[in-house]
Amino acid sequence: MGPRPNLLTRRTAGVATSTLALLLSTAAVGVVPAASAFSAAPAGVCAEPADTHADARVAKGGHAKLDPNHLTAKQVRERAADLAAAQRERANFRTGAVTPLATVTIPVVVHVIQENSTRAGGNIPDSLINQQISVLNQSYSGSTGGAATAFSFQLTKINRVTNPSWYPIVQGSSAERSMKTSLRTGGKNTLNMYLGELSDGLLGWATFPKRKLDKMDGVVVLNESLPGGTATNYNQGDTGTHEIGHWLNLYHTFQGGCSGSGDSVSDTPAEASPAYQCPTGRDTCSASGKDPITNFMDYTYDSCMYQFTAGQASRMLTAWNAYRAA
Ligand SMILES: [Zn+2]
């Protein structure tokens, strides 16, 4: 499948002609981070590397040592068991007639972390944030070409914070913990999104849902990845879409590679490794179906990804009702 059908109408602002030319001129090269890149993965966190280089998603001078995107098979099993336990908990707690939510509006609190008042220092305009919310609503409603999910997003607050010690936001640092401990607001159903320059050339990271809410819960997104931002090839808002997918319990489409239960969703064909750029026709597993390179949970360019599947929509709603519903 090609680029999302409404790319030009939806995302003109973010795609310069030169960007398209670069996209078309670079070969489709899938680069798998070294195995060691995954060794430091803390459970329940996903991080995406960015790139300014044609064949990787790591920024020039950056590195992927903090790229904990790949859960181990053991972690996937533990998370499956935890989801089942959360569902049992809910069933026991909610005796009598309980109607699981079928549609969900998620309140979104956006924390704009700034080093100073300049754009380079993180002071992105409200317009980009509003555009990001629009992109989320399009992506999760299926209007970009994928399955409709239960979710919509409502911006409730923009919280601007100038604190040089939190900038850039460093994944896994004590400063990240301090930032979230100070700023996180709302219950399990509230999406806290932290925007800033990020460490290690990363585009973003997210926490998976947990039964016991903690202050680390939320998504961290590169500020210039918002629609109309300056992150070439990653400035149409799909980093936000992707990270929120994790926050709603989705794995990468390449989770588990070609074997086993993969990403625990049955209608996303198995994929051996992350796809980068937009390698149309890529097919890395012998099982049926080409690689889901247009799925929001792969690693392709924003211009390449435009859909969730029905199975992913179902998995997200199940997780919502188990973990995040009030
Ligand atoms: Zn991810």
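Trainee: How do you know that α4 and α6 cross, and at what angle?

Mentor: Keep in mind that this is a predicted model. The axes of α4 and α6 come within 9 Å, and they cross at roughly 60°.

Trainee: Why is α4 called oblique to α6?

Mentor: Set the angle against the cut-offs. Under 35 degrees counts as roughly parallel and 65 to 115 as roughly perpendicular. The crossing is at roughly 60°, so α4 is oblique to α6. The crossing is also right-handed.

Trainee: Which residues make the contact between these helices?

Mentor: From α4 you have Gln132, Val135, Leu136, Ser139 and Tyr140, and from α6 Asp238, Gly240, Thr241, Ile244 and Gly245.

Trainee: What does phenylalanine 153 touch?

Mentor: Leaving out residues up to four places away in sequence, phenylalanine 153 touches Ile106, Val108, Ile133, Leu136, Asn137, Tyr140, Leu191 and Ile244. As a general point, nonpolar side chains tend to be buried together in soluble globular proteins.

Trainee: What is valine 104 in contact with?

Mentor: Setting aside its neighbours within four places in sequence, valine 104 is in contact with Ala150, Phe151, Ser152, Leu317 and Trp320. Also have a look at asparagine 321: its C-alpha atom is 9.9 Å from that of valine 104, though the two residues are 217 apart along the chain.

Trainee: What makes β2 mostly covered?

Mentor: Count its residues: ten of the eleven are buried. For the protein, 55% of the 326 residues count as buried.

Trainee: How do you know that β2 and β3 pair?

Mentor: Two strands pair if there are at least two bridges between them. Eleven bridges join β2 to β3, so they pair, and they run parallel. One place to look is valine 109, which stands opposite lysine 157 in β3.

Trainee: Now β6. Which strands are joined to β6, and by how many bridges?

Mentor: Four bridges join β4 to β6, and these strands run parallel. Three bridges join β5 to β6, and that pair runs antiparallel. Each count meets the cut-off of at least two, so both are pairs.

Trainee: Which residues of β6 are the bridge partners of tyrosine 194 and glycine 204?

Mentor: The partner of tyrosine 194 is valine 220, and the partner of glycine 204 is valine 221.

Trainee: What makes both faces of β6 covered?

Mentor: Side chains in a regular strand alternate between the two faces of the sheet. In β6, Val219 and Val221 are on one side, Val220 and Leu222 are on the other, and all are buried.

Trainee: Why is asparagine 233 called buried?

Mentor: Its relative accessible area is 7%, and the cut-off is under 20%, so asparagine 233 is buried. Asparagine 233 is in the loop between β6 and α6. Its phi is near 75°, a positive value in a residue other than glycine.

Trainee: And glutamine 277: buried or exposed?

Mentor: With a relative accessible area of 4%, glutamine 277 is buried. This residue sits in the loop between α6 and α7, and has a positive phi of about 60° although it is not a glycine.

Trainee: One last spot. Where is there a cis peptide bond?

Mentor: Look between tyrosine 167 and proline 168, where omega is about -5°. Proline 168 is in the loop between β3 and α5.

Methods: Residues numbered from 1 in each chain as written. Predicted model: local features only at pLDDT ≥ 70, side-chain atom pairs only at ≥ 80, totals over all residues. Heavy atoms only, no water. Buried < 20%, exposed > 50% of the residue type's maximum accessible area, 1.4 Å probe, protein only. Contact = heavy atoms within 4.5 Å. Axes fitted to C-alpha atoms, helices over the stretch in contact; angles between N-to-C directions. Parallel < 35°, antiparallel > 145°, perpendicular 65-115°, else oblique. Left-handed = near helix turned anticlockwise from the far one by under 90°.
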